[in-house]
Amino acid sequence: MTVSVQVDHATKNFTLRYHRNLKDMTVAMLKGREVSNRFTAVDDVSFTIEQGESVGLMGLNGSGKSTLLKMINGTMRPDSGSVLTRGRIAGLIATGAGFHPQLTGKENIYLNAAVLGLSEKETDAIFDDVVEFADIGRFLNTPVGTYSSGMYSRLGFSVAVHIDSDIFLADEVLAVGDKPFKRKCLAKMQEIRDSGRTVVYVSHAAASVQRMCDRVIVLENGRVGFDGDVDEGIHYLKYDEDDEPQPADGKRSRLAEADDELGADI
Amino acid sequence: MPETDPEENPNKLAAVITPASEAQRAVRVVDAPLAPPSANQGVLEVFRRRYLLRILVRREIQARYQSSFLGFLWSYINPLSQFFIYWFVMGYILMLHASVENFAIHIFSAIIITHFFTESFGAGTRSIVSNKALVQKMAMPREMFPVAAMLVSLWHVVPQMVILLIVAPFYGWVPSFTGAFAVVLAILLMMLFGTALALLFSVANVYFRDFGSAVSIMLHFVRFGVPMIYPFSMIVVQFPGLVDYYLLNPIANAVLLFQDAFWIPTLSACAPGELPVPEGADIHAKAGCTMLDIAQPDHLIERGLIMLAAGVLFLAFAQWVFTKLEAKIPERL
């Protein structure tokens, strides 16, 4: 087994600035209020993911999942510690792809693929599949700034899954799609997982994490709260509990009920 | 949310996935080293990824004139309008046509190279902020954006050069190898300094948008700090002690190189209507040919080459600063 993602004591701080101009800052300082504050989004996180592993990254909102993913994808760098990855990384961060709003869907496909290191020829080769999967029809040649959020994320997801990456990051990918599209996505993600690509799947939907992943990492206030077995991880987060206990005829349906409750059907 | 179709029941959706424990998995061998995902070699990386750069340049060219009726024509209208203002105000109102031979060529050759610099610097400074959507989500060398802005400006130099090459022969201009060398040197100089300044200010602009506004003020100084709307000889005459400092400005050097290539060859042996040399000034003109000899500094090409080396160093410095500040770009945008 080879290491695919290695996060070693990674820490990322954000500086919260309450005032952005000189006047506000002077006033705040004179009144003795704080001008800025530090916030640790990811706090001394360490873990290793092997190539081919499918890891569910879970945690409540604001627990640092997206920041961690941004460090794995390379848009952010840890302030201390290190993040190392092997091979090409594709995927979605915070529900959307990095599209340029002024460019058309088609141009964005090429741009997005080029950023991920594909050549023009390689992009030509996957282009038809991307368009077919995204199913955005005649909107392909209009600027993505005019897309609905569903179309936007469909196109983003489609580009990400069709690029032959070694690591696939999926951050709340299914939050905006409609059901038929979600079903297609799940099938595609499974295909990615089964092809031996490393998958990091961020989701609040316990049922899909349970089936998709071999392992769960739970973040709590930027720290690793749990790292290990999927069921235990979900239990750790208390996502398998229901506020109103129903006659449970097995763990599966209880999880699914919990998903319903959370409004996160996938 | 009422469920109409039992098939669409959310409980069943997740069931399309084969559980991880039961799935047949292929083994994927990744032939790549374990490396930081954000690592790059700065500006050098940009030129290694030429295809991406080409896409970004094309995009910038499109975006700059998006939803404008005249579109690409604006890149001619802008410098041409500048040219006519200077040509009229400086030439007729301040009467420089009388004292500077072929003043139109003097102005226009200077405008081309100055405009290239100001565009690279100005658009480069704004480049990261205006590409926010990409910068925040995609891992790519961020030097791409200022470099792309510089290349877009370079692209706009081409049509202006064509105009100049058509007009200049009417003033008696003939091409020469030294002239061509001077032009290439001037453009290289502005590419280096334009990119370096764009790198510095694009990242500074992310931290504080004030830098963007400061740059537009600086660009005013640039336009007046080069021998464009006045001949270099006026600096020599009015501020003889400051000439050496004036020549430390790489943009002034580039302008002088451009004029060396396009304007000087059009001049008759002795320009009529020379400027009076002030009493006591440490400047001596040749007998019968007063201003032309001092209209251009000596060793212009050598100066240009030294500036070029300085430009490389400055770019290295800008890259160093950029790398230091870059890590916080996504969160400050």
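Predicted model: local features only at pLDDT ≥ 70, side-chain atom pairs only at ≥ 80, totals over all residues.

**A helix pair in chain A**

- Helix α3 (residues 105–115) of chain A packs with helix α4 (residues 120–134) of chain A at an angle of about 130 degrees, and their axes are 11 Å apart.
- By the convention above, α3(A) and α4(A) are therefore oblique to each other.
- Their crossing, that of α3(A) and α4(A), is right-handed.
- On the α3(A) side the contact is made by A:I109, A:Y110 and A:A113, while α4(A) brings A:T123, A:F127 and A:V130.
- Sorted by type, the residues of this contact of α3(A) with α4(A) are 5 nonpolar and 1 polar, with no charged ones.

**A sheet with strands from both chains**

- Four strands make an open sheet in the order β2(A)-β1(A)-β4(A)-β1(B), and the pairing is antiparallel.
- Its edge strands are β2 (36–50) of chain A and β1 of chain B, each of which pairs on one side only.
- Helix α2 (residues 65–73) of chain A packs on the sheet, where it touches β1, β2 and β4 of chain A; the direction of α2 makes about 60 degrees with that of β2(A).
- Within chain A, strand β1 (residues 3–17) runs antiparallel to β2(A), joined to it by 11 bridges.
- If you want a residue pair to look for there, A:T15 stands opposite A:R38 in β2(A).
- Between the chains, strand β4 (residues 80–86) of chain A is joined by 2 bridges to β1(B), and the two run antiparallel.
- Here A:R86 stands opposite B:L34 in β1(B).

**Where chain B touches chain A**

- The contact draws 59 residues from chain A and 40 residues from chain B.
- On the chain B side, the elements giving two or more residues are α1 (10–13), β1 (34–35), α3 (50–64), α7 (132–137) and α16 (329–332).
- Which element gives the largest share of that side of chain B? That is α3(B), with 5 residues.
- By type, the chain B residues that touch chain A divide into 28 nonpolar, 6 polar and 6 charged.

Key
Residues numbered from 1 in each chain as written. Chains lettered and ligands numbered in written order. Contact = placed C-beta atoms within 7 Å. Nonpolar A, V, L, I, M, F, W, Y, C, P; charged D, E, K, R; others polar. Pairing = 2+ DSSP bridges. Axes fitted to C-alpha atoms, helices over the stretch in contact; angles between N-to-C directions. Parallel < 35°, antiparallel > 145°, perpendicular 65-115°, else oblique. Left-handed = near helix turned anticlockwise from the far one by under 90°.
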